[in-house]
Amino acid sequence: MEPIKAAAAGGHAVQAAAGSAAGHAAPAANKKGESRIRRWQIGDVKVTSIMESADAIPWAPLFPAEASEHYKKYDWLVPTFITPEGNIILAVQAFVLEAGGRRIVIDTCVGNDRAREVPGCENLQTAFLEDFKAAGFDPNSIDIVLCTHLHFDHVGWNTRLENGRWVPTFPKARYIFGRREWDYWQGVLKEPGHVDVRHILDSVQPILDAGLADFVESNHRLMEGIWLEPSHGHTPGHVSVRVSSRGQEAVVTGDVFHNPIQFAEPEICSMACVDKEMSRQTRRDFVARYGDSPVRFFAIHFSEPVGRVVRDSQTWRFTTD
Ligand SMILES: [Zn+2]
């Protein structure tokens with residue numbers, strides 16, 4: 001099998017899923033020896049990515065199978081975001097923002113020790129927390145944890161398993177959740193059996209029980225130069241995070257985009273999008289607002305997560321930093 005090109009290091013839980021001769025759980029080679037820890041600067045704001053995993057997976061079930069032909073129109077996607085064999089590279093990472101003496105974690109990946117129904121995500125045993133510390137972040141030093149939405153791959157490390165109990169990983173942080181998002185999940189929890197809610201029970205409810213949760217509006221200001229921006233659709237209360245510092249601009253997009261093919265074809269929805277039409281409109285709005293602008297995108301699920309959206313004849317493409 002070809003090594004998977006992804007910005008994640010070997011020896012980690014980087015897995016090749018179905019679609020390769022080796023099946024899944026084969027370790028992937030990293031690209032150019034890059035670390036699972038990467039850093040950028042937005043004016044005075046430092047951004048660090050800690051990558052939990054980067055998997056090559058088939059288009060279905062994340063995307064409709066028919067979308068698997070579309071990427072061939074966009075050779076810029078291969079091999080950074082789509083393997084030469086035609087599999088998607090799906091990364092899962094957390095971003096840590098450092099600004100004004102405070103530390104903000106945006107999205108907390110899948111987490112270890114979890115019962116999950118998604119292949120490749122059940123009972124993970126990664127070195128994420130060790131990497132987090134190696135990047136210079138004591139979990140006790142985190143001031144804010146912000147989840148763009150409450151899908152299982154964005155809340156996992158909110159907690160960790162200690163003596164059979166789920167305890168907050170960042171015990172001195174305020175955990176910020178969108179009020180609208182939480183209202184949606186409250187409704188889901190009332191209809192058990194419909195949607196897997198185990199991640200709410202092991203990664204969100206313990207935060208409420210510990211008194212660390214704050215529920216905010218979709219345009220909440222976290223601090224000077226860092227604020228939430230509504231980007232509903234993927235989930236009903238999904239938010240993105242805007243950063244502005246010393247004339248430099250960025251947006252942490254959460255799950256507005258899962259793969260950069262969605263810049264070229266914003267109508268392609270992930271199967272996890274709750275309101276598909278609203279998610280399409282949100283992608284079109286993002287491209288209209290931020291395309292051909294200095295605003296840099298920080299995308300949780302991109303293996304090369306940082307770049308700009310630029311015109312590409314009749315459509316748009318992603319160009320990495
Ligand atoms: Zn996600």
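**Exercise 1. Which residues does Leu97 touch, not counting residues up to four places away in sequence?**

Residues are numbered from 1 along each chain as its sequence is written. The model is predicted, so local features need pLDDT of at least 70 and side-chain atom pairs count only at pLDDT 80 or more, while totals for chains, interfaces and linings use all residues.

Solution. 
- Step 1: Start with the rule: two residues are in contact if their C-beta atoms, placed from the backbone, lie within 7 Å.
- Step 2: Leave out residues up to four places away in sequence, and the partners of Leu97 are Val45, Val47, Ile104, Ile106 and Ile226.
- Step 3: Now place Leu97 in its surroundings. The largest nonpolar core has 79 residues, and Leu97, Ile106 and Val145 touch the most other members. Such a core is a set of buried Ala, Val, Leu, Ile, Met, Phe, Trp, Tyr and Cys residues joined through C-beta atoms within 7 Å.
- Step 4: Strand 5 (residues 88-99) gives the most to this core, with ten residues. Strands (E, at least two residues) and helices (H or I, at least four) are DSSP runs numbered from the N terminus.

**Exercise 2. Find the order of the strands in the open sheet of seven strands, and its edges.**

Solution. 
- Step 1: Two strands pair if DSSP finds at least two bridges between them.
- Step 2: Strand 12 (221-223) and strand 18 (315-320) are the edges, as each pairs on one side only.
- Step 3: From one strand to the next, the twist averages 30 degrees; axes are lines fitted to C-alpha atoms (for helices over the stretch in contact), with angles from 0 to 180 degrees between N-to-C directions.
- Step 4: Look at one end: strand 12 and strand 13 (residues 226-230) run antiparallel, joined by two bridges, and Met223 has Ile226 as its bridge partner.

Note on methods. A residue is buried if 20 or more other C-beta atoms lie within 10 Å of its own, exposed if 12 or fewer, and partly exposed in between; C-beta atoms are placed from the backbone.
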